[in-house]
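Let's go through this one by questions and answers. Have a look at the sequence and the fold before we start.

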Amino acid sequence: MSRPGFVLEVDDRTPPLVVHEGEGFRLEGFPLGTQVVYPPESLPGLPDVEEAIQDALLNPEGSEPLPALLRPGMRLTIAFDDLSIPLPPMRKPDIRQRVIEAVLTMAADAGVDDVQLVAANALHRRMTDAELKEIVGERVFRSFHPQGLLYNHDAEDHDNLLHVGMTEQDEDVEINRRAAESDLLIYVNVNLVAMDGGHKSVPIGLASYKSLRHHHNSKTMVRSHSFMDPEKSHLHHSAWRMGRLLAEHLKVFTIETTMNNDVFPSPYDFLLKREWEWGIRDQASMLAVRRGLAVAPSKLRHKMFHDLRAPYGVTGVHAGETEAVHAKTLANVHRQQMVEVQGQSDVLVLGVPYLGPYNVNSVMNPILATCMGLGYYFNSYRGQPVVRRGGAVILYHPVKPDFNQLHHPSYVDFYEEVLAESTDPAVIEAKHEENYATDPWYVHLYRTSHAYHGVHPFYMWYWAAHAMDHVDEVVWVGGDRRAVSRMGFRAASTLSDALEMVTGTVGSSPSLTYLHNPPHLIADVR
Amino acid sequence: MARLIKGGVEDVRTAARGWRWGRRSLVPRSAEAHALPTESSIFPTTWSRRRPAKAVREVVQQAGLRPLFRSQVSPHVEGLDMLDRVRPPVLFVANHASHLDTPLILLSLPDAWRRQTAVAAAADYFFDTWWRAVGSALVFNTFPIERRGGSMAATPGDVLDEGWNLVVYPEGTRSVDGWVRNFRLGAAWLAVEHQVPIVPVAHRGTFAAMPRGQGWPSPGRKPVTVRFGPPLRPAEGESARDFAPRIRAAVATLLDEDRSTWWEARRRAADGAVPDPAGPAVAPWRRVWAQTEPPRPQPGLRRRRAWRR
């Protein structure tokens, strides 16, 4: 039986608590009275995933069974989430592989010949063949990739984009032509957090910059309270308008899956346990891992973390009409991640781990660290932010100004040129976004190499816009001073120093809340 | 390299401090409601009441525990003559304020009584790990009782029926402030059910010497006193519910006697004016403050110095 999440109040019995900081973690002794939000324990996975997939496809929500939608001579497109989720990547077999294999088996039985598979990577980097293969599995890869029928979506291939129409709020809906012109589009999703899925899948995952700019902007993000709560997220409102428009033109069969909180395999599984329940083995593992990380050269340390494959259990598979499916999916996500928190605090403490959606097999640069901390983690709330307006956020991460030149070329220029000029999301959006989005070199790298789109660093910055608008002070513990300063924040060596630095904003005895993630949690702040 | 070693040492120190190495791990108060259910395991202790264990215990208690105990506290024992009025097995029923209570009572008993006395100990506390269980069963002849219900290898009744005396603390756990809490019915029920006498035992000073949360007695050989009272037997047809208050009253009278004199305590008992052992309803710090004062020896019992200063 999994225990629900809860809020710990640090007292004299509380051992030091784990705080993630990039490719490592520290044991932090928090001040007495600090609230620590623990996610619910991992829910049990489905005992028979294959059976659950079959059941979902044969008894879908608000739709005919999948076999009834398949017929010879039809154009069938299967789109699927890219490597940005789940985090860490899933231990083989990936759930997308299992679902796609089940779908293809039914398509083969129905005599469907015209099948293509598209990775819905939007403006994310193209995945390598190996990465594609890891997601869809060897069987699917071998059957489709050599013929060019399994590929990454290209948001800059204007010949293969179709402008479907405009929403009632004049938003362009432009998506992958093959998907838009299919008789049936099946979308296979992994719904790791509440932000994912629903109409965010097709209208965003298969869209172009022209379409994405309507919701991926600073104004939308500042008004989304939060983007982890689709009901109150302007980003999602826009995506829903686009999705409903698409549904008028295109038959979409959505398959959504949810995972439990088993994000760390052995011997890192002590990171999933509540610290005071660590046994001798857990303490020994902690000491061994800490020492191992301390002696390991940075490349090995990077490999130790990025080679982790999470032993997720699948908690749900739902298929059918997008909105009906997503309601069930969200309920599953909330069941796994929701924790009730009473009231806001003066200071929010967050540990930013080694991995975010945009640095799988890559490096978490300062902009991605900000996106992860002030974007994803700050927005992991429902109701109201965990920290009060005008409060402070303290984050842990080394924030080294290291960039992966292959994956994040535009990030380097964004960091060196744009942030040097201004860190205000609205200002940089107005002044620089268009240039980066249309820069031919970035477009070329996005299309032919494995680079994120030129506009992507802007989006990452907008992701943090709500937090920047909401709090007065952001301090990075253990952060590189130059990099942190470039982003308009401050750096501290220890938590005590950070608390000392924010006294001007929150006083000398502020209330503190630490979100103990990963694994993921959503603070339901009352 | 030096930095690495220093970091390693620092990590080990942090872990040792944070996870209380060598001591019992604690659950933060706000997490107690979310603690994992403890798995009750049946730990057999029959071996500890057999001859080889008895022989080992005799050596450990006489050669190790007794000198160690006397080196840390200064015990004073009264009322052992009460044991002449009963024949084993009996139930020694005492107030409970410290881990010193058990060695104090055991080491105060005459050897013949001590060798035949077992101690009822909380299964969830003393029998949660094998080494703690073996240690306490071997040294103190403890056997586990479930405070919250559950299965046991041997019930206190079985141990009594084997002819062993039992030390029982009817409060269920150590007092948080040194004052006596309510008595549960277990001891009274055993006495009624097995028709064995109860010897009330009252001790003072153990809370002052080593209160809850302290792993070793305070320095300075603090005085501790233990007093055995006249045996109590359940009256004909008396229920455990009626008998239990009499036991608590007997312990209260003994505590009063230990603070004053036998005569004064008798007078107060006759007038129904025995001080409530639960202590006064004052601020918690005052309750703790009163109990942290070591017991003063009665005027007539003060030891004479062999060498006058």
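A residue is buried if 20 or more other C-beta atoms (placed from the backbone) lie within 10 Å of its own, exposed if 12 or fewer, and partly exposed in between. Helices (H or I, at least four residues) and strands (E, at least two) are DSSP runs, numbered from the N terminus. This is a predicted model, with local features needing pLDDT of at least 70, side-chain atom pairs counting only at pLDDT 80 or more, and totals for chains, interfaces and linings using all residues. Residues are numbered from 1 along each chain as its sequence is written, and chains are lettered from A and ligands numbered from 1 in the order in which they are written.

Q: Which residues of helix 4 of chain A are buried?
A: Helix 4 covers residues 129-144. Its cover includes helix 3 and strand 6 of chain A, where contact means C-beta atoms, placed from the backbone, within 7 Å. The buried ones are A:L132, A:E134, A:I135, A:V136, A:V140 and A:F144.

Q: Which element gives the largest share of the side of chain A that touches chain B?
A: The contact takes 20 residues from chain A and 18 residues from chain B. Strand 1 and helix 10 of chain A each give two or more residues to chain A's side. The largest share, six residues, comes from helix 10 of chain A.

Technical notes: Expected span 1.5 Å × (residues − 1). Contact = placed C-beta atoms within 7 Å.
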